[in-house]
Amino acid sequence: MRLQPVDVEVRGLHRRFRDAVAVHDLSLLIQRGEFFTFLGPSGCGKTTTLRMIAGLLEPDAGEILFDGRDMTRVPPWHRNIGMVFQNYALWPHMTVFENVAFGLVERRAPRGEISGRVEEALRLVGLEGLGSRLPSQLSGGQQQRVALARAVVVEPALLLLDEPLSNLDAKLRVQMRNELVKLQRQLGITTIYVTHDQEEALMLSTRVAVMHRGHLMQIGSPQDVYERPADPFVADFLGGANFLPGAVRATSGEGIAVVLEGGEVLHASASRNAGFAAGERVTVCLRPEVLDLVPADGAADGGNVLHGTLRLRNYLGWVMTCEIELRGGALIRAQAANPRVQLRFAEGGPIAVRFSPEDVLLLPGSA
Amino acid sequence: MSIPAPLPLPAPPPVPLPARAALRWRVAVDPGHAALMAILLAILGVFVVLPIGVVLKVALTGAEGGMTLSHLVRFFHTPLYMESLVNSLVAGLWTVAIGTVLALPLAFVVARYDFPGRMLVVTLATLPLVIPPFVGAIALMQIFGRAGTVTLLFQDLFGLRLNIMEGLRGIILAQALHFFPFIFLTVTTALMNVDRSLEEMGQMMGARGWRLQRRVVFPLVLPSYAAGALLTFVKAVDDIGTPFILGFKNMLGPQAYLRITTVGRDDVDGYVICVVMVIISIVCVLASNWIVSRREYATLQTGARAPEGGRTLTGWRLTGVLGMCAAIIGTALIPHLGVVLLSFSKVWSLSYLPSAYTLGNYAEIFLRAPRFVVNTLVYSVGAALLSVVLAAAIAYLLQRGRVPGKGLLDWIAMMPIALPGVVVGVGFLRVFYGITLPWIDQPLAATWVIFVLAYMVRRLPYALRASHAALHQVHPSLEDAAGIAGAPRLRAFRRVVLPLILGGVIAGGVLVFVTAAVEFSATIILVSRIEQSPLAYGIYIYSQSALGRGSAAALGVVAIVIVALGTYLANRLSGRGRMAFTL
């Protein structure tokens, strides 16, 4: 395949439906060959954005540029894109071959060439020899592959994927995820992916844009958005987090001391939390998986310790999630690996959580 | 691994809009869609709104112009009209009552029990729908009439003089035997849809047998029954073929026809009667829709329903059920038998069965006077083609259109469902007699095209519903995918949407064809010359003379064959095993 990927720039993109703003003043640049993901809960505007880039929806304002060329008013059939829909949108009255060949026929590809290119695309997704089947005779995973073959066979400049894995069962989803990333690297095609699944986003993408209620909340590499979330929403949506309000008491070269509202003092690493000054109000963000459950009378060992009461314990086999009421009254969640050992803590009994200063993330302002 | 966080999150602060964006907000109107909408509204305006509007206007305009209700008031003070009104309502009510008595027991045993021949009962019980009531009426005359088979039998055996077909009774009998499948189908469907868990809950609460039926099942099925009964009532009042064939003219439809055809197109009373018929019809259709819209509670359908199939019947219960089914279905099929027999009879007078048989009746209708059959085919095919194209365009706009006015379009297109055929006929006559076609120098209403147009309007809702359902099966993303793949809008429609909806759309067209082929009400108003008349009018003409009865029956058999084949075809095409032939 001879793909000529484009970069995609979006400037001041805006769209509303009746009284609700779906996408608000969105601007970003997606590099050539990038695997870019819009991540967010349902209704965050990610699919609306994708449909506007595809040309299926007209923006109320703003511009969409491919390689600097204004595409905002160009209809989808002139944009040279490939797209995989959430429900695959395979045409049920056409065979697999006809589905894949459709775009080539529309592009007036030479008749002799079509068959070879369709076979190549089917081979690429591992479906060689199934061309004569109807979509209804295929499994969900196979339909997904046909949709993918149909999207790439026309050698699009841009590949759009709208939650393509959400209709597959868990095992297949993981498998398709791996194949998808391999295919994209192999083709080097600029790819825009939309999902609400953070795992998919982190695993597949070169960069992730987290959206919420039509607004772009943060944009960055998977590690950026997970390790350095810009605000509580991103922290919570990606991985989940506990938020405790507090204030910076003192800063030094190696650490920052924070007083919680209950009076407890925590230490945060200065290298992870740069730019905070004494007296500033902050939100302490703690990921559930960094909290170790320890007996209430245990030693601090130099780490941070918060005391409380174990309110709820959910044994899930490979992990145990707990709800702990801190002394100040705040509820936090902790996730303990090796639950066999952690079952020694009884519901209603005293407990403490321990975590290192490296695991403390400070966000400016109070939630 | 995500952990649901119970913490309330702050919403991002509202950001003021850039002024540029605010300026470019607009309602998303697609110019192509808007043009299509304008064309459709214009067509429907001329052929639906204008005729009914003119009927209303004439009925409500005083002698010196200006609005008046005086004509309507006079209607209620004219004894003949009041008698006609009462007769129409009484006939409708009795039709529903007798239809209910025939339909409910059948529906109940079919939905609740499993017995040999169950599917046969379902099929046979829907068969009466394929025989137009005015065709059945001819056969019923021959069997229950003054010199009919059964009448003679009772006279010879018991010395009793029966007079079943006299006056309203004959009309009620013919209509009840034709219409009861409507009630049967709605109630059977409703009974099958009642979630078994509701019944089981009732049983656990201690209700059993008759009490369970009365306290749990009946209330759940009642809305469906009421909706079906109301529609049957509307159709019965609308049917003027049966009164005509049986020669009973003191009903609303026949009176409207008589005023218009004998007194003249300008006679106000004819229009006033039409308005009264429209009011009755609209009230019933609205009531039926209202009931249907409120009936969600009847069927929970949340989880998987219990597998179909009821209790197996054995012993005397089985015998009883089979006997009852045979009795009801036997009665319902009498018209079919009678028509077929009559169509082959040469002489059938004052005897139980025909005393001489012949193929002459078929020779008459196919060889000597083939115009009835030919006209019917031409008009019905024309109406089907027109309504299918219109319906597909309307359905597409309603579901996918980005244009205002969709509600209005839907409303107008579905309006004919509440318009009696007589009213459509009268409206067409009034409007299109005034429009002269220049190249043939004739009023439009005097050409055969008027039948095609009138049938098209009458049956547009059937076609629209079929197109609607078909298009509903096509997810919008299929069209989007075609656009992405490089197909502009029209090509995407032709290559993706059209092939997918074609089956359903054609099924709708077949239904239009079938119902147009046996349309009587509008036909009799619009017929101006015998050469133009279709089969339904032919049956009426033939049936008016004793000698023509056989030929009328032969035409009736043709009608039955058309309807039966068409209904079968429509159901096959729409890909569903159940009768699509319900209003």
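This is a predicted model: local features need pLDDT of at least 70, side-chain atom pairs count only at pLDDT 80 or more; totals for chains, interfaces and linings use all residues.
Helix H2 of chain A spans residues 96-106. Helix H3 of chain A covers residues 111-124. The two pack with their axes 10 Å apart, at an angle of about 125°. An angle over 145° would count as roughly antiparallel, and 65 to 115 as roughly perpendicular. H2(A) and H3(A) are therefore oblique to each other. The crossing of H2(A) past H3(A) is right-handed.

Residues from both helices build the contact. H2(A) contributes A:Phe97, A:Val100, A:Ala101, A:Leu104 and A:Val105. On the H3(A) side they meet A:Ile114, A:Arg117, A:Val118, A:Ala121 and A:Leu122. By class, nine residues of this contact are nonpolar and one is charged, with no polar residue. The charged class includes Arg, and A:Arg117 of H3(A) takes part in the contact.

The sheet is open and holds five strands of chain A. Their order is E15-E19-E16-E17-E18, and the pairing is antiparallel. Strands E15 (292-294) and E18 (331-337) of chain A stand at the edges. Each has a single partner strand, so one side of each is left without a neighbour in the sheet. On average, neighbouring strands of this sheet are turned by 45° against each other, direction ignored.

A:Ile324 stands opposite A:Ile332 of E18(A).

Terms used
Residues are numbered from 1 along each chain as its sequence is written. Chains are lettered from A and ligands numbered from 1 in the order in which they are written. Axes are lines fitted to C-alpha atoms, for helices over the stretch in contact, and angles run from 0 to 180 degrees between N-to-C directions. Helices (H or I, at least four residues) and strands (E, at least two) are DSSP runs, numbered from the N terminus. Angles under 35 degrees count as roughly parallel, over 145 as roughly antiparallel, 65 to 115 as roughly perpendicular and the rest as oblique. A crossing is left-handed if the near helix is turned anticlockwise from the far one by less than a right angle, and right-handed if clockwise. Two residues are in contact if their C-beta atoms, placed from the backbone, lie within 7 Å. Two strands pair if DSSP finds at least two bridges between them.
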